[in-house]
Amino acid sequence: VAGAKYGVGFWKPGSGIIHQIILENYAYPGVMLIGTDSHTPNGGGLGSICIGVGGADAVDVMAGIPWELKCPKVIGVKLTGTLSGWTSPKDVILKVAGILTVKGGTGAIVEYHGPGVDSISCTGMATICNMGAEIGATTSVFPYNHRMRTYLEKTGRGQIAALADEYSDLLVPDEGCEYDQLIELNLDELKPHINGPFTPDLAHPVSDVGAVAEQNGWPLEVKVGLIGSCTNSSYEDMGRAASVAKQALDKGLKCKAQFTVTPGSEQIRATIERDGYSKILGDVGGVVLANACGPCIGQWDRRDVKKGEKNTIVTSFNRNFTARNDANPATHAFVTSPEIVTALAIAGTLNFNPETDFLTAPNGEKFKLDPPNGDELPAKDFDPGQDTYQHPPADGSSMKVDVSPQSNRLQLLEPFDKWSGKDLEDLRVLIKVKGKCTTDHISAAGPWLKFRGHLDNISNNMLIGAVNSENDAVNKIKNHLTGEYGGVPDVARHYKANSVSWVVVGDDNYGEGSSREHAALEPRHLGGRAIIVKSFARIHETNLKKQGLLPLTFSNPSDYDKIRPDDKISIRGLETFTPGKPLSAVVKHSDGSEETLELNHSFNETQIEWFKAGSALNRMKELQH
């Protein structure tokens, strides 16, 4: 649903991924837009300030309540030189991710600027902004230029392009502006990159990745190459991939690896079918999937390897966290550009650099692939394909939502309980999480997504991907009421049934990744009261506040080491809970000893009211009376 308050309407299943729909229809230079997915910043490719938020933030806006954000810093990325050859827009963000890491952009907007910008297509800029989520950036944005104008005209928005031209001085960096941090990239020197495995900031030039893989014991054989998704499924992306595929076909070669193609929208699917790209990609061995997120978010019933079997895949997606794509923790996933994915799927190995290495045709002829080329936009304009748009009703005020109590897919939300007015005493440590804990670890996607409208059912995936510091196991924690070990959701349910509240203790950048609101809804539903970590990812921290949980950070990060799995924790200072004033945790160890730790928070006055009311929705209801 796009812009429900203003009656913008509904795009039916099959329309494509919302970020593509936004770029093709709604984004424009200078607009500010929030969306309930971490890759909403895709719209920055059209000079828009598009920010990913949790669903509760979007509900506020639709209800006419102002949306707020702590003022971000601005990281400047100055681009010089020109993109050419095998180097693509994706390589810009793969390089920046290597520099800044998965949390280096936290609390900042990344603003690209400089003469190199003009060598990047509008959809290429969108790719760079889309994957800015992988460095934790609030959003990323490009200045308005002629590439955006052309894209607006080609997507039927010539009037907006004319208006942007008129006000172009407001849509570019101010003269002499200063940045909190400045990175300079010379596109003439930038080489094709491939990042991974298991994290999107482990950057390697394609020329080096084979040797690095051998040193680290990563499987060299590429089992599957996957192109498309919301990050890289533009007309230009598909054209460049098809140009690589056609060269192989002309020599009688097909992909050694499995190869899948995910169009980002119905418009792209129809246009690449009309212009012959789909046939080329199919002939080389590709399978064109639905216009949807698909394997990028784990909607992939993978059959070619067994779970636990070590293997390598390469994708043009944005994320490659453990088990994200296929639920197999032994899959080594690498992210790169669609053209490099296509080349590696043809070669069948990570140890192939298309800039220098040769392929062998069936007749024994050795040949090198020429650098890819692809039109930025279709010469014959876009084919919109099937009409999948549903207009809103003229008056929706009398419409009701009717949900069957027997449904296992949908369940109406019940209000969470209000704060008792007292400090939280003797909370159990449900799990002390070790290392990386993304929202995929907290609330897995893939097959679980069918339950996202049913809070109780989807809560059975809560933290089942997180590593327990006590035993380095996944989904195996001690129930301190019974002394037995069980799954995380099961132990949480047992605690809740026995009126025992609990906390989660976590590491750095807790909750990075998708803006998945269930990662906050589930711990609240199952009896959680606080999440205490070294540091949070921005969206997840806000999501927790919205559900009446306490996201708290150790004032001294090394205090994480003081927490033991069998501790009881009391959170003190809630009766005088005010912005900027730390809370404290009294930690009671099983040996009878105690210690007091200082806990910081980022609550403002409005957010404290959410906590007291039990959730932001509860507070909204209070304000209506």
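Where is the place of E376? E376 sits in the loop between β16 and β17; helices (H or I, at least four residues) and strands (E, at least two) are DSSP runs, numbered from the N terminus.

This is a predicted model, in which local features need pLDDT of at least 70, side-chain atom pairs count only at pLDDT 80 or more, and totals for chains, interfaces and linings use all residues. Residues are numbered from 1 along each chain as its sequence is written, and side-chain values use heavy atoms, with hydrogens and water left out.

View 1. E376 is partly exposed, with a relative accessible area of 22%. The terms are set with a 1.4 Å probe on protein chains only: buried is under 20% relative accessible area, exposed is over 50%, and partly exposed is in between. E376 touches S121, C122, R147, Y235 and E236, not counting residues up to four places away in sequence. A contact here means heavy atoms within 4.5 Å. E376 and Y235 are 141 residues apart in sequence, yet their C-alpha atoms are 6.7 Å apart in space.

**View 2. T388 in the loop between β16 (366-367) and β17 (389-390).** T388 is buried, with a relative accessible area of 11%. Its partners are F10, W11, K12 and S15, not counting residues up to four places away in sequence.

**View 3. L79 in the largest nonpolar core.** This core holds 85 residues. A nonpolar core is a set of buried Ala, Val, Leu, Ile, Met, Phe, Trp, Tyr and Cys residues joined through side-chain atoms within 4.5 Å. L79, Y112, F142, F259 and L281 touch the most other members. Residues up to four places away in sequence aside, L79 touches V92, Y112, H113, G114, P115, G116, V117, I120, F142, L185 and L187.

**View 4. Helix α9 (residues 266-274) and its packing partners.** E266, Q267, I268, A270, T271 and I272 are buried in α9. The buried residues of this helix pack against α1 (18-25), α8 (235-250) and α10 (277-283). Just after α9, G276 takes a positive phi of about 90°.

**View 5. R149 in helix α5 (residues 146-154).** R149 is partly exposed, with a relative accessible area of 28%. Leaving aside neighbours within four places in sequence, R149 is in contact with Y144, A161 and D165. The C-alpha atoms of R149 and A162 are separated by 8.0 Å, and the two residues are 13 residues apart along the chain.

**View 6. V587 in strand β27 (residues 583-588).** V587 is buried, with a relative accessible area of 1%. Not counting residues up to four places away in sequence, V587 touches I563, D567, K568, I569, S593, E594, E595 and L597.

**View 7. Packing of α17 (residues 605-613) on α18 (residues 616-624).** The helices pack at an angle of about 95°, with their axes 7 Å apart. Axes are lines fitted to C-alpha atoms, for helices over the stretch in contact, and angles run from 0 to 180 degrees between N-to-C directions. α17 is therefore roughly perpendicular to α18, a term for angles of 65 to 115 degrees. E609, W610 and A613 in α17 meet A616, N618, R619 and E622 in α18.

Notes. Angles under 35 degrees count as roughly parallel, over 145 as roughly antiparallel, 65 to 115 as roughly perpendicular and the rest as oblique.
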